[in-house]
Amino acid sequence: MNISVIGAGYVGLVSAAALAGKGHDVVVIDTDEGRVRTVNGKKSPIFEDGLEEAVSDGIESNRLKATGDYDEILATDITLICVGTPSNPDGSMDLSCIVESSKSIGRVLRAKKGRHTVVVRSTVVPGTTRGVVIPALEQHSGRKAHVDFGVAMNPEFLQEGIALRCYFNPDRIVIGDEDGATGDMVQQLYEGISAPVIRTDITTAEMVKFVSNAFLATKLSFINEIGNICRRLGIDVYDVVKGVGLDYRIGRSFLRAGIGFGGSCLPKDLKGLVHSSRELGYRAQLLESVLEVNQNQVVNMLAMVCEKLVDLDGKTVCVLGLAFKPDVDDIRNAPALEAIRLLLEKGALVKAYDPLAMPNARSVLSPEVQYARTAEEAVADCDCVLVLTEWDEFRNERLYQGKVVFDGRRVMEPARARMFCDFQGISW
Ligand code: UGA
């Protein structure tokens, strides 16, 4: 198939490289000239395991190319919208990229001969495809959705760090459409991938994505809250999860208690859902609490640090881990950012280290933060160590010998750690 993908971000580039790898002809359209140049130069503008090789293979085999020119859509059968939907300050989703790309696609479709299919892959608040995307496409193309062109919603469930693996081994494929034929065409993109296919209408598909992320976030805040109770009872929440998680209705995944969830998706999608339900006249109390419990994990850890060091003013605090999870360089909504902000506010000197995320951190963190070249250098001569990302290299006991350590990611077994350092776990 000839496919155009709007947006060379995580979702767009992973989808494009994966589809090119499956033998489709794919053009990625992005307004950022730097990104276009990078992709055409066989490089990935994003750090993601295996993506650079997949991009390079795609360019070399002439199955993949990048451009800034929306007219390239004319030569394709199907367009995947994969642009970002970040949070506005009030928690609502910023749909400006969705609106702009829909208008641009619409303008091109005016000249398109034959039927075209437009697929929304970005995470959008339920109702956005019908209420925002379709009107923009119709207005700018002068054509009618579901009659002159097809529209579908096909949410992605990629996890950063293992995104390509997730693409080729999904738990399910969800396709929402209004006419059947459009959904059939989208389903063809997944030929050769073995997973249950759920066919719905467009708004239900949008909701499936939101509910998936909201449920994952709820599991995390649930287990963090249970961990906070367990800690006060002298119980190890990780042992509790072993016992609880064997119930097949509960499972063990996404029950690793710790400093809380970050990233570009869970916090943003949860805020978006809370905001849109408020607009519908319903207060989503449980989901609001999920966000509150998550934010409090960092505050709780800082309270533990203050209690231990008495006064943070002038103390040197080492932060190990800046990325929102290991094996990525992404710091968006990472718990480390808020922890560092609070530490600096209390007058602490912050020495930070992360194997991958320091360049990204430098661009957003206060210039007061010092960066170490290695974990060993970071922990030297500090008053305490905070572990905020579970990189494998932080599982090294030698780093913590004789130190005051606050583990936010369960990099050590607490009983063992207490034998060689002054150790506290955030929720255990
Ligand atoms: C998340 C979802 O897991 C994907 O299914 C979804 O497609 C994606 O958002 C998206 O909407 O695009 P991602 O943001 O890559 O994926 O990150 P996760 O692996 O979900 O981790 C989120 C956060 O939860 C991280 O900060 C991680 O450290 C934390 N976490 C995860 C825990 O604290 N404990 C756990 O047991 C699992």
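Biologist: Ile-229, Leu-233 and Ile-235 make up a nonpolar surface patch with about 280 Å² of accessible area together. What makes a group of residues a patch?

Modeller: Nonpolar side chains (Val, Leu, Ile, Met, Phe, Trp, Tyr) are joined within 5 Å, like charges within 9 Å. Areas follow the Shrake-Rupley method with a 1.4 Å probe, and for residues only the protein chains shown count as cover. This is a predicted model, in which local features need pLDDT of at least 70 and side-chain atom pairs pLDDT 80 or more, while totals for chains, interfaces and linings use all residues. Residues are numbered from 1 along each chain as its sequence is written, and side-chain values use heavy atoms, without hydrogens and water.

Biologist: Why is Ile-229 called partly exposed?

Modeller: Buried means under 20% relative accessible area, exposed over 50%, and partly exposed in between. Ile-229 has 46%, and therefore counts as partly exposed.

Biologist: Why is the pair of Tyr-167 and Phe-168 called edge-to-face?

Modeller: Rings of Phe, Tyr and Trp (its six-membered ring) pair if their centres lie within 6.5 Å; planes under 30 degrees apart are stacked, over 60 edge-to-face, the rest tilted. The count comes to four aromatic pairs. The centres of Tyr-167 and Phe-168 are 5.5 Å apart and their planes at 75°, so this pair is edge-to-face.

Biologist: How do you know whether Tyr-167 is buried or exposed?

Modeller: Its relative accessible area is 4%, so Tyr-167 is buried, whereas Phe-168, at 35%, is partly exposed.

Definitions and conventions
Patches are made of residues with over 30% relative accessible area and no salt bridge: like charges are joined within 9 Å, nonpolar side chains (Val, Leu, Ile, Met, Phe, Trp, Tyr) within 5 Å. A salt bridge is a side-chain nitrogen of Lys or Arg within 4 Å of a carboxyl oxygen of Asp or Glu. Buried means under 20% relative accessible area, exposed over 50%, partly exposed in between (1.4 Å probe, protein chains only).
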